[in-house]
Amino acid sequence: MAKKLKLNPLDASWLMVESKETPMHVGSLTIFSLPKGAPDTFVKDLVGAMREQRQFANPFNLKLASAALKAVLPAWVEDHKIDLEYHLRHSALPLPGGERELGVLISRLHSHPLDFNRPLWECHIIEGLEDRRFAMYMKMHHSQVDGVGGMKMLQKMLSPDPDATEMSPPWSVGRGTGAPRGPRGRSSLGESMRKQAEIIPGVLKALAAVIRDSWSKSNSANATPYAGPKSILNGKISGQRRFATQFYELERIKKIAKVADVTVNDVFLELCAGSLRRYLEEIEALPVDPLTAGVPVSVRPADDADSGNAISFIIANLNTHIGDPLARLYAIKDSTTIAKEKLQALPKAGINSYTMVFMAPYILQMLTGLGGRTKPMFNVTISNVPGPSAALFFNGARLEQMYPISLLSHGQALNITVVSYAGQFNVGFTGCRDTLPRMQRLATYMADELEALEKALKKSRKAA
C-alpha cells in the first residue's frame, strides 16, 4: 500500500475550496529568446530533450490519494506511472505571435482546471513568438506551491551561465529537498504542543486587537477585515480567466520610493490603486468608500528551500477615494506601516496559527458558498514576489521576462502580482473574464498612473 502524507491545514484549505468556477492553481509565464545562431528547430529539439527526462522530483511526483476525498481527507501519495506526454505540452502561435496573441492563449490555458487524478501540474512550451522568442507556461496547484516557493523552484531550473547545456526540466529539479511537505512527525508532537501553548496568548492578543479595531474604526489608515465596500470586484465569478501584463524598469520604481521615502511595495500598491480608480470610474463602478487590499507576506526563512505555502496576510487601505496620486501614496504608506507593525509584533512561531484563524472567515465563505454574496474581507489581492536579480538561462536561451499568474475566488475577481527580475518589475493581472469588462486596460492605466505619480513627485519637490 502506498504511503500517504497528510497535508497541513493551510495547504489543505486550497483543495477544500476548489470548484469548477474557482480552480486553485497558480502559474508562471516565462519568455525566452533563442541563443545566437540557434537553428529553427531549437524549440522542437528542446522539447524532445525534455521528454527524455523522466525523473520526477518532489512535488511533481505526488498526486492525491483520492480525488473524491480531496475536500475531506486530502493526502499525497507518490505516483510511479506519470504520463509525461500529458503533463508536457508543445504548441505554437501563428507567426509572428505578439503579446496579445500570447495573452489570449495563456488566458485560455489558465482557465482549465487540473486533473485531480494525476500530479497537479502542467508545463506548456509555446513557440512562434516574434523576435525569435518562445514561452514556457507552468501551472501547479496552490496546495503545493506559493509565489516565493515557486520562484525558488524556477531559479533551481535555470542557470546564470549562458553556455550551460543538458539542463534538467522543472519536474526533474523540484524543490531540491528530499522530504515532501506535511505535518510534523510524532517524535516532535510533545515539543510542538508545548510551543503552541506558549504562543497562544500572543496570537489571541493580536486577534483581539483586530476585532477591536474593526469595531472602533477610529483610524482610517488602520485597514481591518470587512472594512472595504462591496464592489464589482467582489461578486460571484465564472471559471473563465483573462490575463494581461505590464513591465517597467525596477530602478524607476526604486527611484520613486527613495525620493518619496516609502517602500517599493508602497509604490506598487499606489500604482494598483490609481489604475483601479481610473478603470472603475470608466465603467461607472468606483465605490465612494476606499478599496482595501489583501497583501500576502512571505514568512519563509531565507534558507528554506520548500515550495509549499509559507505566507501570512496584511490588509492595506488603497485610498481609492483620493484623486491626487502623491497624497494617495502617503496615505497607503500610513496604512501598510500600521499593518506590518501588527504582524511583526507576533511571536514568529505563532504566525501560521494567526494566519489560519485570521483567514478562517474568508475560507469559510468559500466553503459555504457565501463568497461573492456577502461583504468581502478585502476587495483585491495584491502581491509582490522578489525574483532573481541577475539574468538567467535555460539551455542557452536567455530568460527575458517572467510574469506571475494567480488564482481567483468568489468575492475576489481580480489579482495583481508583480515579480522582480534582472532589473525588471513585471506585473501580471489575472481577472475573471465574465466579471471585468476590458480588464486589459488596467495594464495601460497603470502605465499612465506611473507617469502621473512621477510628475506629482517632481512638482512637489520643486514647490518644497
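I count two strands as paired if DSSP finds at least two bridges between them. With that rule I looked up Trp121, and its bridge partner in β7 is Met140. The model I am reading is predicted.

**Entry 1**

I started from strand β6, residues 121–129. Is β6 mostly covered or mostly open? I find eight of its nine residues buried, so I note the strand as mostly covered, buried being under 20% relative accessible area.

I then checked which strands pair with β6. Strand β5, residues 88–97, runs parallel to β6, and six bridges join the two. One of the pairings I looked up there is Gly97, whose bridge partner in β6 is Leu129. On the β7 side, β6 pairs with residues 133–141 in the antiparallel sense, over seven bridges.

I followed the chain from β5 to β6. Helix α4, residues 99–111, comes with these two strands in a β-α-β unit, which I record as right-handed.

**Entry 1: aromatic pairs at Phe134**

I listed the aromatic pairs by ring centres within 6.5 Å. The count comes to six. I looked at Phe32 and Phe134, which are stacked, with 5.3 Å from centre to centre and 15° between the planes. I find both Phe32 and Phe134 buried.

Phe134 has a further entry in my list, with Phe42. I record that pair as tilted, at 6.3 Å centre to centre and 45° between the planes. Phe42 belongs to helix α2, residues 42–51, and is 92 residues from Phe134 in β7, again a link between distant parts of the chain. Phe42 is buried as well as Phe134.

**Entry 2: charges over Tyr86**

Last, I looked at the ring of Tyr86. Arg89 lies over the face of Tyr86, at 4.6 Å from the ring centre. I also noted Arg118, whose charged end sits over the Tyr86 ring, 4.0 Å from its centre.

Note on methods: Residues numbered from 1 in each chain as written. Predicted model: local features only at pLDDT ≥ 70, side-chain atom pairs only at ≥ 80, totals over all residues. Heavy atoms only, no water. Buried < 20%, exposed > 50% of the residue type's maximum accessible area, 1.4 Å probe, protein only. Helix = DSSP H or I, 4+ residues; strand = E, 2+ residues; numbered from the N terminus. Right-handed = clockwise from strand over helix to strand, strands pointing away. Phe/Tyr/Trp six-rings, centres within 6.5 Å; stacked < 30°, edge-to-face > 60°. Lys NZ or Arg CZ within 6 Å of the ring centre and 35° of its normal.
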